[in-house]
Amino acid sequence: MDKKRRDFLKIAGVTTLAGLGGTTVVDRLVSGSSPVQARAAQEVDPAEHGAGEQTAAAGHGEEVVKSGNRLGMVVDLRKFREHPELLEKVRQACHAEHNVPDFPNKKDVIKWIWPTGFENAFPEHSTYHLNESSEDNKVPVFCNHCDSPPCVKACPTRATFKNKDGIVAMDYHRCIGCRFCMAACPYGMRSFNWRDPRAGLDMNNINRRFPTRMRGVVEKCNFCAERVGLGEQPKCVEVCGETKAMIFGNLNDPESEIRKVLKENFTIQRKPSAGTHPSVFYIV
Amino acid sequence: MFEKALKGNNYYWMWLAFLGTFIGIAAICYVRQFNYGLGLTGMSRDVSWGLYISQFTFLVGVAAGGVMVVLPYYIHNYKEFAKITILGEFLAIAALLMCLSFIVVDLGQPMRMLNVIFHAQPKSMLFYDMLVLNGYLFLNIICGWVILTSERKEVPPPKWIYFFVYLSIPFAVSIHTVTAMLYCGLPGRHFWLSAIVAPRFLASAFAAGPAFIVVAALILKRVSHFDAGKKAIDKLVTIIIYAALVNVFFVGLEFFVGYYSNMPGHIATLQYLFFGLEHNGHMYNNLVPFMWGFVVLFIIGITLLSIPYTRRHNDFWLGAGAAAIFISFWLDKGVGFVLGGFVPTPLEEVVEYYPTANEIFITIGVWAMGFFVLTVLYKIAIGVEQEIE
Amino acid sequence: MYDSGKIIPGLIIFVLFITFPIWYNHGDAGAVPQPELPKNVKECVLPITEMRSDHMQLLNEWRDIVLRTGDRSFDVKIGDKMYQKSLMNTCMECHTSKKKFCDTCHTYASVKPYCWDCHLAPVE
Ligand code: SF4
Ligand code: SF4
Ligand code: SF4
């Protein structure tokens, strides 16, 4: 009850202010802090579900300090050519881990990571005659966790946001399903739950440690935030294991393995011209 | 003043009942969609916006177009428009209600709609769109209502209302500019990523809005005794002609940039829309008839509006010309622009979109709701006019 | 003009109508729900009374901390064990039956939290 009344006051207050003072006011009010902090808050999204009222609670309404990390991935396509079965294994492992439904109808499809042709993944790199290796082999594509993500900018509710480690994450509790982020992603990496996703899952055989989604929200690869947060590797990287077909790490740490790999190999990113600074790199 | 809407002849009631039927059907279809999810539409992960958002985009234009009668009257003191400004303002109200409904029916989680305010993201163009659309709706409601009330009392409108009237003019421009920015701010969608989208939207709006008003005024002349005046209509037609030509000129510029520069990204969508796009040995062309419909209706419309005989001496041809322009620009913006932008997909594939029956009925129902509101509002406006005569 | 003959009965009907739920249940609020508590654990994250009134706020806070700041540390102390902030992986570890625990009160209070649209209840 109380919560509702507060919500009401909040709507009333915010709409009035929005009408009067424009967006700065709203921004400050929503992040419940000084202008300086509010600006910081735009960089990394703070825990601001109803911040302001609940500041008393531990850890609430506090600004999140950017960790300085930028998590990224290197995909070594040479290794995927050596192990042709690996890609499908990776896809299945990711989808099983995250309870991604499997819908036969093309209209309902949801996917987080999947194989596509070289020319589809890298339209800017197409050549007159593809060499055999790129022609027959598929490229795994998944969210690039862009450093300047257009999907985050587009999202009107901050349901899509960049967390302190540079992961472009989704808050499914908040998504209104406007699909503006899907139009904004230059890579087509986002899927929408057109219907109840549980209809496409074998409910007796799902990962009970990770939730499903509900209909009407957008989803995509989350860089395994739930695993990385516990110090584990993303599922796909784990599945690749010793093949080292996928390497995960902090791009901002000069000592990290991923930096070493980037230094030693020529890598490309998908559609660099979109200006999104993808954090996923490919070795062709 | 609402009592004016409660007195009408049989045709009036039959028309409202006719619209009501479609609203009812749409309500049932919406309940189905609400319970199942947007999977009942033809949209997919590749074409993630469909009829709803394309209608929204077009109708924002219709709402903004109303300013083309408000501006000459209030800024240039063009007295001939005295009677039709109210038509423009009420048209804006009805169009905006349709816009907002289209947004709501398009949401996957409509119950959480207010998150746009609770968790406002000032970097998102959708946030500004919400502000300006609601602002413009509010402005038109007060301006229309206050001015009509004072007309009825036969006193000059209060001074303060002019503040809102003048404010509504930049707002009209802003609603369509911000709506254009929803599209032209997206990297990686070549067809939308064009600086001319906003001017093009405005030009098409300033033709489609007045075209609707002309048709409405001609109909009102037949079914009631409301006469907008020959001079006013003639002026509106001039506005329509210029705006329509500018719009088509802008479309032509897109063609030049695409085909002369020969940039694949710029050509692909135009090719798909007007000629069909071949991909992996399959021809994709389901929007081609609509786009040629746009061209043909534009030529018919502009001809009828330009030839002095059809323009000035025959209401039927004049109405047909204005209607042709309206429908033509609906095909351009309400069908082609939004749906075409999704082809090719970011992964260089072609996926075509076919709306489902459920979706089409909801779309029709929202339009019917708009016409319903418009009819009632126009009825009130005319009732007031007749009362003071 | 004012038809008092209609106003009074109208008012009576209105009052009866809005108080319908009360007299329909004969002023009785129904049996108080008895959620089944875990057998072998005595403590919860917060004292029982606080949990009873504020568990939804607590869950909201956890959600925000875990999801939005990405802090997934095991910093919830129950008894002498540390737990993660998680509905599925912490709460439901002890409260192994959603039906006998969550639903008893929620049904009684007629609230329908949407947690379970996505989160998975333990298999029963
Ligand atoms: S790849 Fe797409 S969804 Fe992922 S961060 Fe970049 S823009 Fe967003
Ligand atoms: S669909 Fe959800 S995540 Fe995407 S922009 Fe809308 S609210 Fe944000
Ligand atoms: S990082 Fe995790 S979520 Fe993303 S593709 Fe790999 S396994 Fe899937």
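Predicted model: local features only at pLDDT ≥ 70, side-chain atom pairs only at ≥ 80, totals over all residues.
Local features need pLDDT of at least 70 and side-chain atom pairs count only at pLDDT 80 or more, while totals for chains, interfaces and linings use all residues; side-chain values use heavy atoms, with hydrogens and water left out. Residues are numbered from 1 along each chain as its sequence is written, and chains are lettered from A and ligands numbered from 1 in the order in which they are written.

**Chain A and chain B**

Let us begin with chain B. Here 63 residues of chain A are in contact with 47 residues of chain B, contact meaning heavy atoms within 4.5 Å. The area buried between the two chains is about 4,500 Å², with carbon and sulfur atoms giving 59% of it; buried area is the accessible area (1.4 Å probe) that two parts lose on being put together, summed over both. On the chain A side, Ile176(A), Phe180(A) and Trp194(A) lose the most area to chain B, together 16% of what that side buries.

Across this interface there are 30 residue pairs in polar contact, both residues at pLDDT 80 or more. A polar contact is a pair of N or O atoms within 3.5 Å; within protein, one must be able to donate a hydrogen and the other to accept it, and residues adjacent in sequence count only if both atoms are side-chain atoms. Several elements of chain A each supply at least two residues to the side that touches chain B, among them α2 (23-31), α9 (180-184) and β6 (191-192). Helices (H or I, at least four residues) and strands (E, at least two) are DSSP runs, numbered from the N terminus. The most comes from α1(A), with 6 residues.

**Chain C and chain A**

Next comes chain C, where the contact takes 22 residues from chain C and 34 residues from chain A. The two chains bury about 2,600 Å² between them, 54% of it on carbon and sulfur atoms. Arg68(C), Arg72(C) and Leu120(C) supply 29% of the area that chain C buries against chain A, more than any other three residues. There are 12 residue pairs in polar contact between these chains, both residues at pLDDT 80 or more. On the side of chain C that touches chain A, α3(C) has the largest share, 6 residues.

**Salt bridges**

The structure holds 28 salt bridges over all chains, each a side-chain nitrogen of Lys or Arg within 4 Å of a carboxyl oxygen of Asp or Glu. Three of them are shown here.

| Pair | N to O distance |
|---|---|
| Arg179(A) and Asp106(B) | 2.6 Å |
| Asp171(A) and Arg68(C) | 2.8 Å |
| Arg70(A) and Asp147(A) | 3.8 Å |

Arg70(A) lies in the loop between α3 (35-43) and β1 of chain A and Asp147(A) in the loop between β3 (139-142) and α8, so the pair ties together parts that are 77 residues apart in sequence.

**A sheet in chain A**

Inside chain A, 4 strands form an open, mixed sheet in the order β8-β1-β10-β9; two strands pair if DSSP finds at least two bridges between them. At the edges stand β8 (246-250) and β9 (267-268), each with a single partner strand, so one side of each is left without a neighbour in the sheet. The pairing of β9(A) with β10 (280-283) is antiparallel, over 2 bridges, and Ile268(A) stands opposite Tyr282(A) in β10(A).
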